[in-house]
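Student: I would like to learn how to read a structure. Please take me through one step by step.

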Amino acid sequence: MRASDTIDDFVVRRNDGAFAYNLAVVVDDAAQGVEHVVRGADLLETTPRQVWLAGALDLPVPIYTHVPLVLGPDGARLAKRHGAVTLADRAETPAQVRGLLAASVGLAPRGGTPSMAELLERFDATVLPSEPWTLEISQ
């Protein structure tokens, strides 16, 4: 973050006394030694706040990568409103689901079942797609 960048006001402690997400996640990540954060693109706008907080608290700043959202058949972010989508609900094996997720970010061909070691070797944040993808939910 450059000195010329600005961060808007945001809550770090709620009225009920609980610490807000932005502060809690920064402190928790530092306490656990998190160096890389991979999360959904919907959290992209919170990243500058977290980078600023880490700097203000003299904590290490992880490398942040944001991946495209998974959408439901209605085009909205996949959420509980689409019903529970668990591995038990899917006809695929866990390896096939991992392959589907890997294919969604360009790490494997569709239908493949790469191992975790293969995925870690292939991962390159600079070539992740930027567009969301739609999960076909079979009932």
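Student: What share of the residues of the chain count as buried?

Tutor: Buried means under 20% relative accessible area, exposed over 50%, and partly exposed in between, with a 1.4 Å probe and protein chains only. In this predicted model, 29% of the 139 residues of the chain count as buried.

Student: What should I know about the model and its numbering?

Tutor: Residues are numbered from 1 along each chain as its sequence is written, and side-chain values use heavy atoms, leaving out hydrogens and water. As the model is predicted, local features need pLDDT of at least 70 and side-chain atom pairs count only at pLDDT 80 or more, while totals for chains, interfaces and linings use all residues.

Student: How many aromatic pairs does the structure hold?

Tutor: A pair of aromatic rings is described by the distance of the centres and the angle of the planes. Rings of Phe, Tyr and Trp (its six-membered ring) pair if their centres lie within 6.5 Å; planes under 30 degrees apart count as stacked, over 60 as edge-to-face and the rest as tilted. The structure holds one such pair. The ring centres of Phe10 and Trp52 are 6.4 Å apart and the planes stand at 90 degrees, so this pair is edge-to-face.

Student: Where do Phe10 and Trp52 lie?

Tutor: Helices are DSSP runs (H or I, at least four residues), numbered from the N terminus. Phe10 lies in the segment before helix H1 (21-32) and Trp52 in helix H2, so the pair ties together parts that are 42 residues apart in sequence.

Student: How accessible is Phe10, and how accessible is Trp52?

Tutor: Phe10 is partly exposed at 22% relative accessible area. Trp52 also counts as partly exposed, at 44%.

Note on methods
Helices (H or I, at least four residues) and strands (E, at least two) are DSSP runs, numbered from the N terminus.
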